[in-house]
Amino acid sequence: MKLDSKIPEGPLAEKWTKHKFNLKLVNPANKRKYDIIVVGTGLAGGAAAASFGELGYNVKAFCYQDSPRRAHSIAAQGGINAAKNYQNDGDSVFRLFYDTIKGGDYRAREANVYRLAEVSSNIIDQCVAQGVPFAREYGGLLDNRSFGGAQVSRTFYARGQTGQQLLLGAYSALSRQIAAGKVEMFPRTEMLDVVLVDGEAKGIVTRNLVTGKIESHSAHAVVLATGGYGNVFFLSTNAMGCNATAAWRAYKKGAYFANPCYTQIHPTCIPVHGDQQSKLTLMSESLRNDGRVWVPKEQSTAESLKKGEIKPKDIPEEERDYYLERIYPSFGNLVPRDVASRNAKNVCDEGRGVGETGLAVFLDFRDAIQRDGKDVIEAKYGNLFQMYEKITADNPYETPMMIYPAVHYTMGGIWVDYNLQTTIPGLFAAGECNFSDHGANRLGASALMQGLADGYFVLPYTIGNYLANVSSAKISTDHEAFIEAEKAVEERINKLLNINGHKTVDQFHKELGKIMWDKCGMARNEKGLKEAKKEIKQLRLDYWKNVKLIGANNELNMTLEKALRVADFLELGELMVDDALNRRESCGGHFREESQTEEGEAKRDDENFTYVSAWEYKGAEKEAQLHKEILEFENVKLTQRSYK
Amino acid sequence: MEKGHSHTLKVWRQKDAISKGEFKTYKIDNVSTGSSFLEMLDILNEKLLEKGEDPIHFDHDCREGICGTCSLYINGRPHGPDRLVTACQLHMRSFKDGETITIEPWRAKSFPVIKDLIVDRSAFDRIIQAGGFVSVRTGSVEDANAIPVAKKNADEAMDAAACIGCGACVAACKNASAMLFVSAKVSQLALLPQGKVERKQRALKMVAQMEEEGFGACTNTGACSAECPKGIELTHIARLNREYINASLTAEEK
Ligand SMILES: Cc1cc2nc3c(=O)[nH]c(=O)nc-3n(C[C@H](O)[C@H](O)[C@H](O)COP(=O)(O)OP(=O)(O)OC[C@H]3O[C@@H](n4cnc5c(N)ncnc54)[C@H](O)[C@@H]3O)c2cc1C
Ligand code: SF4
Ligand code: FES
């Protein structure tokens, strides 16, 4: 199939407006005849489900948590971008667009990103009207901060809990529609397959996580808003339940998977403390506004630190290497995430890392406290410092924090066209689970923006265009496509339950994570990737022979839940490696060691790789097929990113 | 690295909603004090699995103290001994080597046990559905800065909005009252101009739903706020009471 991104004609700034006008509408009286399934009720899915309900559609919404209020969006701390230019500091829709395209290392679609920047303002209006308590100035107007190295202050925030407040806003809108009977909510329900009738998505198969019941649900269109797949790596900042299952099942039913190798490794996380850790914790990137990143100049000093012979504060100024400030004098500690992460890895590889494991660098507030006073720093970062102390038992006011990069976000995801429709008609994807707007690297505070843009302001228009073209006749779940899909799901479950091997799901997951982190993590090379491909395949074959589960299907069985998710991670891991192998250039979060400048910076290869990689499933044990969506840049000039 | 601790764990095991539960005792050794409480349970569960026993089921997701999923009653206190901390943020350094630790689910009629340490908190969702929102349609709003909000009010609204819906307040209360949870939402929206239009109905409807769900009455013991991991204050209950009385007195505007 040829990829058609369906980008509307016309000048960039007019595309969305024109397109909205050209989209078909479903007559208000007919909307109630259409059913829409929304899988996932985080920012993207929650916003979409609520908005569909308001429009009059019948919505069925699903999430695996016990309540839609708990989706992983809740954990976002830093903030949400919007081109409001409330600060009068020169921001504009075009600037936000430009920053996002550039930040994404020129691997995103211009038209999508421009639309994102365009609707960003509406998001803030919407959230404020819902009662989201954004931070305000004394005059009562909204406050902003600069985030993730942006040259303007365009980030709106609610203390260190922006994601929570935005999600609770979407959840309140969703709750209103549930009360109104327009949305039927299925919590503790996991989607295990998507069902196609005559080539179009017409429903899903789910497992009730409390009773184990396998059920079919039909609808006229299906939206996936199931979040990112960072948990392939086992350790990440994602919530424990974040998974790729919905996206992966869609892929296996014909939805192309785009840019799977683009993962964001966030520079400021709390370092791993031992081999018993289950989860990593992010420390907001805003800390880099005032904290200075450093390691000792000499390896011997790092050794003494590790042995506890000296304390960080004993190390004199001239023996410290503020390496980001040294290498990137103009951006310093505020270089983008991928650059900050890679440099942390480099200094640790040189043996200059700190902490018990040597896999950490300092983030030091000493100078900021001296300059601004402890009160000011406490007002800005108090809750983060407190959280850090709870976890590590170190007090960041007295001794520098220790941080290390961790997997955080996946830019890759299900391929979608301008309408957010996948290559399966009737199947849409929104939020982190699609690939759309961040190219090879996402800027801080832009995921919340994208999730809400997709859910509140894009899908409600584009899904109508699809529905206007399909019959409103009800679809029966007695159709053989549903029966077959249910059967396949049941067979997979029974197979897993009956393997009775000797290794736990977590043991497999940890092994997969280690392969991915070592060979498809912050730096990748051909040799490592080829090894990884073999190792993952081996691990997957072993999984289906040796994994050990317990209990039955017809009960709350968290081991089974995990086993199903890890089975999919094992397959996705391999595709991520395929994609990383294919992309023999460095761009954004994807650093190919073979493609770097003499100074060791990432080198893009625009001549050969200015495309989106969209992978098509070709069957079990067959290689996926690559399709290229060539990216055209008409409004920005491609430049190598430089933060020197 | 310092040597890990040993603990005896007394854990509530209950096969499903209808079965009778009981405490079971487990031993765990060599737990790093840097481990989180839930990591300690992960380690134990791996051991149980290796032995072919059903792991201990407990609710958790973000493990960052923000999603409100974790809900363990540890040594007689919701979320355990530390103040302003959820169970997922609790670390093993808060326990003495050799200490016996008792772990139970939330105990409240309106939060029935589903399995082991997992309870059903859907009553909270239904309370929000009864009125915990501002009725605005997507797209039907004015510019965000058109309505200034005094910083003091915005900050206080944010204090209330910090509630994570975990239910520790209910678990802590001898009456199993949900007043702190309900008051947090009512208070947040009462403090903001956006929430003012519907404030009367909101207070009446949410309180009515709370009663229908079978939560107990509030007798002002303050246990909820003392155990709340987000420090939601009793002043919000006072505000809810005012909102409720005011709404009841002018009932015709319901
Ligand atoms: C710690 C942390 C901090 C962050 N901070 C920021 C920030 O400051 N600013 C920013 O812009 N971004 C931030 N991000 C990124 C951002 O939070 C996410 O990308 C975004 O919230 C994702 O939203 P979503 O709606 O796509 O998915 P999610 O919020 O992850 O929601 C996924 C939904 O899908 C459901 N689901 C998943 N699988 C299934 C299945 N198989 N069946 C049924 N339901 C399923 C889940 O139950 C859930 O409801 C942060 C991310 C992390 C991890
Ligand atoms: S008020 Fe506190 S204890 Fe109660 S649900 Fe909210 S956060 Fe939890
Ligand atoms: S697991 Fe999210 S608050 Fe504890």
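Predicted model: local features only at pLDDT ≥ 70, side-chain atom pairs only at ≥ 80, totals over all residues.
1. Let's start where ligand 1 meets the backbone of chain A. A polar backbone atom of Leu43(A) sits 3.1 Å from an oxygen atom of ligand 1, and a backbone N or O atom of Ala44(A) is 3.0 Å from an oxygen atom of ligand 1.

2. Residues are numbered from 1 along each chain as its sequence is written, chains are lettered from A and ligands numbered from 1 in the order in which they are written, and side-chain values use heavy atoms, with hydrogens and water left out.

3. Who else is around the ligand? Ligand 1 has 38 residues around it, and those that come nearest are Gln65(A), His72(A), Ser73(A), Met191(A) and Glu432(A) (near means that a heavy atom of the residue lies within 4 Å). The site is shared between chains, because residues from chains A and B surround ligand 1.

4. Now find Val26(A), in the loop between α1 (15-22) and α2 (28-31) of chain A (helices are DSSP runs of H or I, at least four residues; strands are runs of E, at least two; both are numbered from the N terminus). Val26(A) is buried, with a relative accessible area of 7% (buried means under 20%, exposed over 50%, partly exposed in between, with a 1.4 Å probe and protein chains only). Leaving aside neighbours within four places in sequence, its contacts include Tyr57(A), Gly464(A) and Leu467(A) (contact means heavy atoms within 4.5 Å). Val26(A) and Tyr466(A) are 440 residues apart in sequence, yet 9.2 Å apart in space, C-alpha to C-alpha.

5. Glu616(A) belongs to strand β18 (residues 611-616) of chain A. Is Glu616(A) buried or exposed? Glu616(A) counts as buried, because its relative accessibility is 17%. Not counting residues up to four places away, Glu616(A) touches residues including Tyr251(A), Tyr256(A) and His627(A).

6. Finally, take a look at chain B, with 9 helices and 7 strands. Of its 254 residues, 61% count as buried.

Key
Polar contact = N/O pair within 3.5 Å; in protein donor to acceptor, adjacent residues only side chain to side chain.
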